[in-house]
Amino acid sequence: MSNPLPVVLVVEDEAGIAETIHYALASDGFAPEVCGTARQAIERFGAAPPALAILDIGLPDMNGFELFRHLRALPAGEDVPVVFLTARSGEIDRVVGLEMGADDYIAKPFSPRELVARVRTILRRSQRVPVAANSKENKPAAQEQRAQTAPESGANEHANSAFALDADRRLIRYRGRALDLSRYEYGLLAVLVQRPGRVFTRDELLELVWDDPGASFDRTVDAHVKTLRAKLRAVDPEDDPIRTLRGIGYALREEERR
């Protein structure tokens, strides 16, 4: 039996744009389902989480950012990748969306082909569904690179004893407490933890953590480091283990020898 088509939930109140997205996705092997309001989207999402959701920010009954929070709170909501779609192209809106944990942000007007390409990239990255025309089970190149550079069990614990990385479980503990991380936050911290003191440029982090670094930008890294720092401070308010080298990148602070 063939695999069902990946369902993409499109939440867009402008009929013309919704039809364009629906046609582009359907023509490329996806099963798009369109909702014109946030209320409809919450009901549809709650009934059966899609493979990916595309959310317009300017909805008539609820701000897209608020809808994002509602969907994240639903069962399996944390596991569904989300792309924001908006007419607002200002950097602050992009950063807000990324800080919240969205997977991508596309400003109108947009190319339907680019939108579909980004959807494919995100689904390959998340490895949650078999994307049409890309059914091979091989890992994407960036994921292979992460696998090759991931530390062996316990390898990082002596370099900075505040952190313990379990690559098999994709789990990082900080001062004995398991961190609740998004996949990007996990990827960034895993790279830093395995090489304390080593300075990674933003471009290097994009290459190591994002499968399609060309579709992202430097501020993407900054936004995710900001949310990552907040989660570390929640465990230990007195410590800031991530160093910022202005104009260069980031590094995990090496523990002082005692």
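Of the 258 residues of the chain, 47% are buried (under 20% relative accessible area, with exposed meaning over 50% and partly exposed in between; 1.4 Å probe, protein chains only). The model is a predicted one, in which local features need pLDDT of at least 70, side-chain atom pairs count only at pLDDT 80 or more, and totals for chains, interfaces and linings use all residues. Residues are numbered from 1 along each chain as its sequence is written, and side-chain values use heavy atoms, without hydrogens and water.

The average pLDDT (the predictor's confidence in each residue, from 0 to 100) is 79, and 76% of the residues score at least 70. Over residues 128–158 pLDDT stays under 50, and the model has 52 contacts beyond four places in sequence for this segment.

Nine helices and 11 strands make up the secondary structure (DSSP runs numbered from the N terminus: H or I of at least four residues, E of at least two). Among contacts (heavy atoms within 4.5 Å) with a separation of 6 or more, 59% join residues 24 or more positions apart.

Beyond four places in sequence, the contacts of I172 include F163, L165, L179, Y186 and L189.
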